[in-house]
Number of protein chains: 2
Amino acid sequence: MAQGCYLPFMVDLHAATQGLSDAFGDRLLTSDSARAHYAQTEGHHSFPAPDLVVCPATISEVQDAVRMAAKAGLPIIPYGAGTSLEGNAAAVQGGLCIDLSRMTAIKEVRAEDLLCVVEPGVTREQLNSELRSTGLFFPVDPGANATLCGMASTRASGTTTVRYGSMRDNVLALKVVTADGELITAGSRARKSAAGYDLTHLFMGAEGTLGIIVEATLRLHGQPDTILAATWDFETLEGAINTVIATIQCGIPIARMELLDPSAIVACNAFSGLGLPVRPTLFLEFHGTAESTTQQLDLVRALGETEGGGELRFASETEDRNRLWKARHSALPSARALIPGAIVWTTDICVPISSLADAIGLVQREVAAAGLTAPILGHVGDGNFHTLFVLPPGDHEAWAKAKTINEMMIHFALSVGGTCTGEHGIGIGKRQSLLREHGTESLATMRRIKDALDPRGIMNPGKIFLD
Amino acid sequence: MAQGCYLPFMVDLHAATQGLSDAFGDRLLTSDSARAHYAQTEGHHSFPAPDLVVCPATISEVQDAVRMAAKAGLPIIPYGAGTSLEGNAAAVQGGLCIDLSRMTAIKEVRAEDLLCVVEPGVTREQLNSELRSTGLFFPVDPGANATLCGMASTRASGTTTVRYGSMRDNVLALKVVTADGELITAGSRARKSAAGYDLTHLFMGAEGTLGIIVEATLRLHGQPDTILAATWDFETLEGAINTVIATIQCGIPIARMELLDPSAIVACNAFSGLGLPVRPTLFLEFHGTAESTTQQLDLVRALGETEGGGELRFASETEDRNRLWKARHSALPSARALIPGAIVWTTDICVPISSLADAIGLVQREVAAAGLTAPILGHVGDGNFHTLFVLPPGDHEAWAKAKTINEMMIHFALSVGGTCTGEHGIGIGKRQSLLREHGTESLATMRRIKDALDPRGIMNPGKIFLD
């Protein structure tokens, strides 16, 4: 059995394997081939496989697994759908991966309270599929079909965050298994509470380094009466971005406002057959009544027409709309297909809205100057965008250039008071950036919390903090 | 100089007084009369005055004061406007009160990014008054003219939370002075971030027990084009509440939805001269365009007409509207005036919306059976309401009955998955309830965080945790 790169613990792997095998039988995975699956995510980071993988079916089994791993001094890595991008679930020190994907029950839907309760393996597509007949939906949509508890753990957001908020705004309560295997609850079913420390938000974004989220109570929203979606191409990237900035500054409650630069359009046209003009393009969606969506559209159209906006192409039928958003959500494989055999390094920053044009302009110039293939797209209504560096694995020069541009992006974001990651999290990729963003004292505060809740450092080690 | 009730520290009050006096001159308050002011808040709790009060003018001076108090082992109690209701700023162990009310600068308003930065003494009325000409406003409105940083510290909300969210949703970043006098930043100017532990939300609702919030970056919103306000009386309390429940379940983006029971109407009529019929009444406000507010109103009207809703009385002019909300915000003094010399004990719970009618019905029956005077009102669109027990100071029987009803309210809230406080916080009044709400293990987690960030326990001791 291969071991992880290093284990700074007194680890008794043999004893742990025996105990876990007794408890979990064939739901303990130890073969090279089974473990290899957990060394892959959608991101560009490469990392070793965990030593062991266990697939619990209940919260109680998660607690058992944590207790056994803790007793053996084994690192613990929670794993959902493997869709994270910054190595957030990387077994960098080996250890026990706890694969939560088999816990897929939607335990409760309380339509009258606009909430539901899900197990950690439930994905957003599964939930929304099961909600369809209720007239409700869960809005947070990062593109990938991530697990909802994984999305909570990464403090994810997505295309509809401009209107409905991120996971931060749509999780009411959590159940969490702590580093010593205890089960705690955070939050309640009330829409708001002033009762004690906000553990719900502390565990959200902690990426499994403080405990494992094993249940989430989520806010649901009513499906809008009318959905109006359209694509809108612009003469210049600046014109498109100025339209976004003006829309946000005017407080128009647009439901989705995505930007794709010409390179991203090329990728989506090729991969998803969209047939759009190769120009900077906004993907828009409006939610509301027939009247209010038309009203919102008219306001946005007026803002964009003075910025060189071309023809609005409406996706009137549900099918057209689904095709449009599926294409947008396939941006990652679309980019990957631009260069055969390439790896895509997706990075994201988020800036105050008034700095968005400068931020994207800077990246576009640098990408062009470096001669890289790197579509730019994102949830620009939030000031959040992604650069997808498409890199041949062996092209060290291209990787070095991408690294420089990523650093420049982060530097720019921090210089205008923004953040080094809007939604992908820190993982292993942005630990240095986190320190630069928050400073030594803030990081020391985070570290004190980590040490208090996980004194042996076994919960998803190597993430968030530079050791 | 009087001392607080007990000091479990090795305290060198003399040395601290000398050092603080040298540093702050006449901004160190030591007289009985000056200190007495800090033993009063708007709540019903009584507690001793702090030993010393200091009035810093800068963040650096807050740090100095904290360092000097920490060195002397003196408890530190941050103080804003003194509007908290659960003894959140009570000097229960004596110590140094840090009065932040002189730090009243609005440091920055960035209209183009819909944000502003305020010092800890800035109140919500001051901010909104200064914002008036910008077309923007800060929506969170707890009624009292609290400081914004105090509101953050208590995780406050208010009448507009049903539409705009609570402090939880409207604070982007904080500066916090820690227990050892360091200054840390939490959050950023980006609308969202996945960068590390969410310290912003951890300090919000910590009530000064983890550090002192000395600066807040707040989200601003565009002033609505049209504001439509009205009062609406109902035959029965149940009819009014059912209208609220249906409005929320239909997803109508109402901006304010307040309930006042007949006793609250009596109080407001007498105190503010409203002249409203003495019946269960909703105070409503709609924000939007002329069309959308009318549309929302029509939807709500249709829901309420089948529930025994009477005539809608519109407050069309800005002046009428201001008078209406001023009356609502004067609920506390209005209740106090019902019985000369009375003290008002205001308690609040928050429940999932479908349990609201049962919750309020229970309280109303119990108040009637106990023969108490206790108006019921609140932000019912959030499932949050208040009972204002109006109690003669010496009437021990009435106080005991109020205590029993308060316990029943909390018991009911927890039985339906709600919370023991929607917005007033834990302070000294709800520590036992917090334990019941979250359980031993969650409280132990909160305590570990407290011990990690404030190992000597000097930050606002005696709050949140039962020692």
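Author: In chain A, an open sheet of 4 strands with mixed pairing has the order β1-β2-β4-β3, where strands are DSSP runs (E, at least two residues) and helices are runs of H or I of at least four, numbered from the N terminus, and two strands pair if DSSP finds at least two bridges between them. At the edges stand β1 (28-29) and β3 (76-79) of chain A, each with a single partner strand, so one side of each is left without a neighbour in the sheet. This is a predicted model, in which local features need pLDDT of at least 70, side-chain atom pairs count only at pLDDT 80 or more, and totals for chains, interfaces and linings use all residues. Residues are numbered from 1 along each chain as its sequence is written, while chains are lettered from A and ligands numbered from 1 in the order in which they are written.

Between β1(A) and β2 (residues 52-54) of chain A, which run antiparallel, there are 2 bridges, and A:Leu29 has A:Val53 as its bridge partner in β2(A). Helix α1 (residues 13-24) of chain A packs on the sheet, touching β1, β2 and β4 (96-99) of chain A, and its direction makes about 25 degrees with that of β2(A); contact requires C-beta atoms, placed from the backbone, within 7 Å, and angles run from 0 to 180 degrees between N-to-C directions of axes fitted to C-alpha atoms, for helices over the stretch in contact. Helix α3 (residues 59-72) of chain A also packs on the sheet, touching β2, β3 and β4 of chain A, with its direction at about 175 degrees to that of β4(A). Leaving out residues up to four places away in sequence, A:Ile98 touches, among others, A:Val54, A:Val62, A:Ala65 and A:Ile77.

Note on methods:
Two residues are in contact if their C-beta atoms, placed from the backbone, lie within 7 Å.
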